[in-house]
Amino acid sequence: MSQICVKATVSGRVQGVGFRFHTAHEGLKLSLSGYARNETDGTVTVLMCGDEKNVEALLTWLDKGPPTANVTNLIREYVDWQAIDGFSIQ
């Protein structure tokens, strides 16, 4: 299976609801590395790197998010591989 990195922008009610914490937890469960970061425009940016199947699984999860969130849009962008340790909350 190939290793890929995807940067996703998640819109909706995704700040102040534990979205980044839950995203990092899901990413680690899937053995992915990356980060989840709040943006000033109210979105959350998620960079995820790892096995293609696991990245796709996290993207599927991000489309809904945790029960406290209300995701209205998910934009994905395939980016060059980045060697990152762990999954951080920024």
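Start by selecting Asn38. Leaving aside neighbours within four places in sequence, Asn38 is in contact (heavy atoms within 4.5 Å) with Gln15, Arg20, Thr43, Val44 and Gln90. Colour the chain by secondary structure and you'll find Asn38 in strand β2, residues 33-38. Helices (H or I, at least four residues) and strands (E, at least two) are DSSP runs, numbered from the N terminus. Asn38 is partly exposed, with a relative accessible area of 28%. On that scale, buried means under 20% relative accessible area, exposed over 50%, and partly exposed in between, using a 1.4 Å probe and protein chains only.

A quick word on what you're looking at: this is a predicted model, where local features need pLDDT of at least 70, side-chain atom pairs count only at pLDDT 80 or more, and totals for chains, interfaces and linings use all residues. Residues are numbered from 1 along each chain as its sequence is written, and side-chain values use heavy atoms, with hydrogens and water left out.

Is Ala24 buried or exposed? Ala24 is buried, with a relative accessible area of 5%. Beyond its neighbours within four places in sequence, Ala24 is in contact with Phe87 and Ile89. Draw a line from Ala24 to Leu58: they are 34 residues apart in sequence and 10.0 Å apart in space, C-alpha to C-alpha.

Now show α1 and α2 together. They pack at an angle of about 155°, with their axes 10 Å apart. The axes are lines fitted to C-alpha atoms, for helices over the stretch in contact, and angles run from 0 to 180 degrees between N-to-C directions. α1 and α2 are therefore roughly antiparallel to each other; angles under 35 degrees count as roughly parallel, over 145 as roughly antiparallel, 65 to 115 as roughly perpendicular and the rest as oblique. To see the contact, show Phe19, His22, Thr23, Glu26 and Gly27 of α1 with Leu58, Trp61 and Leu62 of α2.

Time to look inside. The largest nonpolar core has 22 residues, and those with the most contacts inside it include Val10, Phe19, Val46 and Phe87. Such a core is a set of buried Ala, Val, Leu, Ile, Met, Phe, Trp, Tyr and Cys residues joined through side-chain atoms within 4.5 Å. Which element gives the most to this core? That's α2, with five residues.

Last stop: Val71, in strand β4. Val71 is buried, with a relative accessible area of 15%. Among the residues Val71 touches, beyond those up to four places away in sequence, are Val10, Phe19, Leu62 and Gly65.
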